[in-house]
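This briefing looks at aromatic contacts, at one helix and its surroundings, and at a loop position. Please read it alongside the sequence and the structure shown here.

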Amino acid sequence: MQNLYNDDGLNIVVKGFCPVDVLEIWKAERLDSYRYLRGDYLVKITEDNKTIYITDFAGSQSPRQLPRNSTIVIENNEIVYCKQNWNTTKKYYIPPQGFERKSSFDDFFQAIDDAVALRCIDSPTITMSCGHDSGVIAASALKQNLKFNALSLRSIENEDVLEKRTKLVNGTILDGFTEGSGHDFIVNFISDNVVISGLGADELYVTGDDELLAEFFADTIDLYASRGIEHRFPLSDYNVWKEYFSLDERVIKKANKSPFKKYMEALDFPVHYGQKVSFGI
């Protein structure tokens, strides 16, 4: 998806979901624009011989090309300004000095709801497996009475959990999938122009594999974009990431992504407790 702004000599291209008026921000804030941008986007602003790039937290629209959550200014083919808006040398969030890690899930749960609500517009399709990531997104959207469709695959999923989730969200389970990428299969059945998924959460919250994360984003974004579909990633939201790693380490280390499981349990949303099953088989 692209939103084009052409005014006052500016050429601004927004790729991805950015729920703000970029042009107005640019006029008012100039290089401080990044403070107001949220979503899964890459903003490119061109003015004469100057180009400004602004990326989202996950860098999901520009993997392998631009650093995460950065403002970069290029003038006469030289980088004249670069600001990293979070510390890329620190994989895990460290609360400010004087603050203790949180034992309550309240702020983390709220960050999830805010991230999902921000992106669950335009009647999107949520690709839902029996795993934690897509389950959290579907549970949050259901809790907030947001309008969405849900598609799942009948493969090696936990049938009981998948059936219960599908019934709750009035979703659809697709048959006929055998092997390969679930995204390759499911993209043929999507009638909406926006997809929301939990892609990348394992790499962000468990393995820390940034290279694999970039590959996943690049491959799936291109796949969906080739069909005119925009892909959004609520669990890559900076506030979700920050609140997750603000939790007491003992809470996080009890199990992989245990806080996400706690979120679904709090809503009585069906949870798969066995070995992880990925949507992209």
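Over the ring of which residue does the charged end of R232 sit? In this predicted model, the charged end of R232 is placed over the ring of F17, at 4.2 Å from the centre of that ring.

**Aromatic pairs**

- The structure contains 14 aromatic pairs, and one of them joins F108 and F260 in an edge-to-face arrangement, with 5.3 Å from centre to centre and 65° between the planes.
- Because F108 belongs to helix α2 (residues 106-119) and F260 to helix α10, this pair ties together parts that lie 152 residues apart in sequence.
- Both partners are buried by the cut-off of under 20% relative accessible area, since F108 has a relative accessibility of 1% and F260 one of 0%.
- F108 and F260 also belong to a cluster linked by ring pairs, whose members include F105, F109, Y205, Y238, W241, Y244, F245 and Y263.

**Helix α10 and the residue after it**

- Helix α10 spans residues 258-266, and within this helix S258, P259, F260, K261, Y263 and M264 are buried.
- Just after α10, the backbone at D268 adopts a positive phi of about 55°.

- S103 is located in the loop between β6 (78-84) and α2, and it counts as exposed because its relative accessibility is 63%, where the cut-off is over 50%.
- Although S103 and V251 are separated by 148 residues in sequence, their C-alpha atoms are 7.5 Å apart in space.

Conventions: Residues are numbered from 1 along each chain as its sequence is written. This is a predicted model: local features need pLDDT of at least 70, side-chain atom pairs count only at pLDDT 80 or more; totals for chains, interfaces and linings use all residues. Side-chain values use heavy atoms; hydrogens and water are left out. Buried means under 20% relative accessible area, exposed over 50%, partly exposed in between (1.4 Å probe, protein chains only). Helices (H or I, at least four residues) and strands (E, at least two) are DSSP runs, numbered from the N terminus. Rings of Phe, Tyr and Trp (its six-membered ring) pair if their centres lie within 6.5 Å; planes under 30 degrees apart count as stacked, over 60 as edge-to-face and the rest as tilted. A charge sits over a ring if NZ of Lys or CZ of Arg is within 6 Å of the ring centre and within 35 degrees of the ring normal.
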